[in-house]
Structures are given as C-alpha cells and as structure tokens.
Amino acid sequence: MSKLYKLAIIGFGNVGQGLAKILSDKHTLLNERFGVDIRIVAVCDLYKGSVADSDGLDPKMLLNSLEVEGNLKSLPAQHTTWNAQETIDNSGADILIELAYTDLKTGQPALSHVKQALNNGMHVSMTNKGPVALAFPELRDIAKKNNVQIGIEGTVMSGTPSLALGNEMLLAAGITKIQGILNGTTNYILGEMAAGLDYQVALTQAQALGYAEADPTGDVDGHDAAAKVVILGNLFMDLALTLADIDCSGISHISAADIAKASAQNKQWKLIGTVAKTATGFIASVKPEMVSKDHPLASILGATNAITYSTELLGDITLIGPGAGRLETGYAVIEDILSIHKNS
Ligand code: HSE
C-alpha cells in the first residue's frame, strides 16, 4: 500500500515544470519501487495562474496547458483564484513545494510561504536558496516544533546529491574545507566564451536552457554561488555565515581579452566557491580564477558543477554532476520527498 503525498506547488517556472514532467513519467516507478503515490493538488504561479483540485491535477495537462495556452488559466479545477497564502492554507497538501523566485536580500515571498506551511504542519521541499541562506536555523526550529521536515537538496547543485553526501556520509569524517564550481550559468558562459561566443549571447543561451535565475544578475555577480557557500558553511562547518561574510566577485567583468589571455596561457576561467576553517576562523569566497587546463576543475564544462569536500578522515571527496536545469532541479524535489517518506 503506497503512501499518498499531496503537493502544493508555489511557482511554476523551470523547476516546477521539470518536476511535473518527472511526475508524469515516473509516477508508476515511484509508486511501485518506493511506495509513494505523489499527487499535485495545487499549483499557484503569480503570472501563469492558480489551479487547485483535491482530486489531483494531471501533470501532463498542466504542461500541455502551458505549451498551448501559455498559462494555466483555462484548466478545469475546483479552485482557480487562490493566491499563495490561500493555496497553503486551503489545498489540503501534505508538502509545500516552494519554487517561487529567489530573493537573496529578504528571502521573500518564499520565506513567508515556508513559515506558513511549517506552522500549518506541512513538510516543505524548496529549491529556493533565499530562505535557506538567510534563515535556515530558524526554519529548522519551526519544523522541529511542528514535527515536520524540510528538504533543501536542490539549493546546491540541483539534483546532484551534494547535501545528502555531506550530511549523511561525510559530516562525521570532519569537513574542513569545501570548494567547487557551484553555479551552472557562469560555468556555461565561461565555457562558451572560451569557444568564441560573445558574453551576452552565451547568457541568453543559458537563460533559454533554464540554467539562469529569473534575474540572472544573481548568477553573473556571483551571489547565487555565494548563497550556496553560505548554505554549505552553515550546514557542515558549524558557521553562522551571511552573504555579507562572502568575499564575492562574479564574471560580468571578464572580457574577451581576459578569455584570450587565459587561453594563451593554456588556462581556463572558472568561478570557484570556497569555505574553509582556519586557525583564526574561516575563509569564504566566490571568485573567478584561471586554472590550468590539466587542473581537475578545468574539465567541468557546461552547467555541470563539482564540489570537493576536504575531510579529516577521508581526505578529499569530489562529486561532479548537473548544477542547474529543469529536470535536474525538479529531480531534487523527488529526492526531498523520498527522504521525507523515509524519515516519517
Ligand atoms: N541559476 C543557478 C545556476 C541554478 O546556474 O547554477 C541552480 O541553482
């Protein structure tokens, strides 16, 4: 007998659509292999419309409506006017899937959505980095008080299980340093520029491929990677970092001449995030660096990311995998739901 999980999805952009596609393709597998019957009962998107139905919404129909109509507004459903707050309060969902746009300054509106859901006794899965980078300890306390769980796997390296690896396998080995390529958009742009493409064209392509944030400034200025450094440092190194603690510079100032200079030296630009413990405290940074072409990170191309955990007991462990993308990030929500199921 499968356990039913009803999802309310706030925000139906790239990640929400990726999740719907996975649910449409893999529902039977998830049901039969893992004992979870996952149903969408509400989708609320500021621009695309709001639909809620306690009998469930067919993910294929949601995607089809977007493709044909460009929105969800003419789909038949029991409720078609709920805003985010009403959706959280009234949909009867067990899990809030918070995928609204990321705001790294206030975390809003996602932060309020998440608190409301946790206080209502709902589990939460979010790929939104704002609330996690700004307020995770507080959210964890609220979740504990309400006996529910928060899944955040998709906030770092999309569905590549970087947080599960750190949390479940490496934490006890003593993590002393974490370093890697933590933003897919900038890695894609730097690679395309090295192949001769103009910066703006490469950025437009990264947007079309679903890698970039709704406002790509967060990617190219390094703030998205900085939020991931904050999340990693706080989760695994007992730090209390904020974005202001990260020595951060992005890639928007890198010119064609800089790219040519790296190439002439047989090097490649990479945006590298680092957090490490030191004798006096910590270092935490996001910076573009020229790495030689035989450096392990030089071969990480496109929207692929890589993370190296340096540990006391195992030395360095590196995980390489997708860092962005519709299905890749949508899959992180599936990982969260399976983890919620396992730990319930
Ligand atoms: N915009 C982000 C990136 C998405 O390019 O890595 C995943 O966090």
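The model is predicted: local features need pLDDT of at least 70, side-chain atom pairs count only at pLDDT 80 or more, and totals for chains, interfaces and linings use all residues. Residues are numbered from 1 along each chain as its sequence is written, and side-chain values use heavy atoms, with hydrogens and water left out.

**Stop 1: the domains**

**Stop 2: the interface**

Show 17 residues of domain 1 in contact (heavy atoms within 4.5 Å) with 23 residues of domain 2. About 1,600 Å² is buried between the domains, 65% of it on carbon and sulfur atoms. Buried area is the accessible area (1.4 Å probe) that two parts lose on being put together, summed over both. Now pick K129, V156 and M157: in domain 1 they lose the most area to domain 2, together 38% of what that side buries.

There are two salt bridges between the domains. The term needs a side-chain nitrogen of Lys or Arg within 4 Å of a carboxyl oxygen of Asp or Glu. Select E213 and K129: their side chains form a salt bridge at 2.9 Å, N to O.

Next, colour α5 (129-145) and α12 (326-343); each supplies at least two residues of the domain 1 side that touches domain 2. Helices here are DSSP runs of H or I, at least four residues, and strands are runs of E, at least two, numbered from the N terminus. The largest share of that side, five residues, comes from α5.

**Stop 3**

Go to S162 in helix α6 (residues 162-170). S162 is at 0% relative accessibility, so it counts as buried; the cut-offs are under 20% relative accessible area for buried, over 50% for exposed, and partly exposed in between (1.4 Å probe, protein chains only). A polar atom of the S162 side chain lies 3.1 Å from the backbone oxygen of V156. Other residues that S162 touches include E153, M157 and Y309.

Step to M157, in the loop between β6 (150-151) and α6. M157 is also buried, at 0%. Its phi is near 60 degrees, a positive value.

**Stop 3: two more backbone checks**

Most residues other than glycine have a negative phi, and most peptide bonds are trans. N266 has phi near 60 degrees. N266 sits in the loop between α11 (256-264) and β9 (267-278) and is partly exposed, at 47%.

Finish at Q108 and P109, joined by a cis peptide bond with omega about 0 degrees. P109 is in the loop between β4 (95-98) and α4 (110-119).

Note on methods: Polar contact = N/O pair within 3.5 Å; in protein donor to acceptor, adjacent residues only side chain to side chain. Lists of a residue's contacts leave out its neighbours within four places in sequence.
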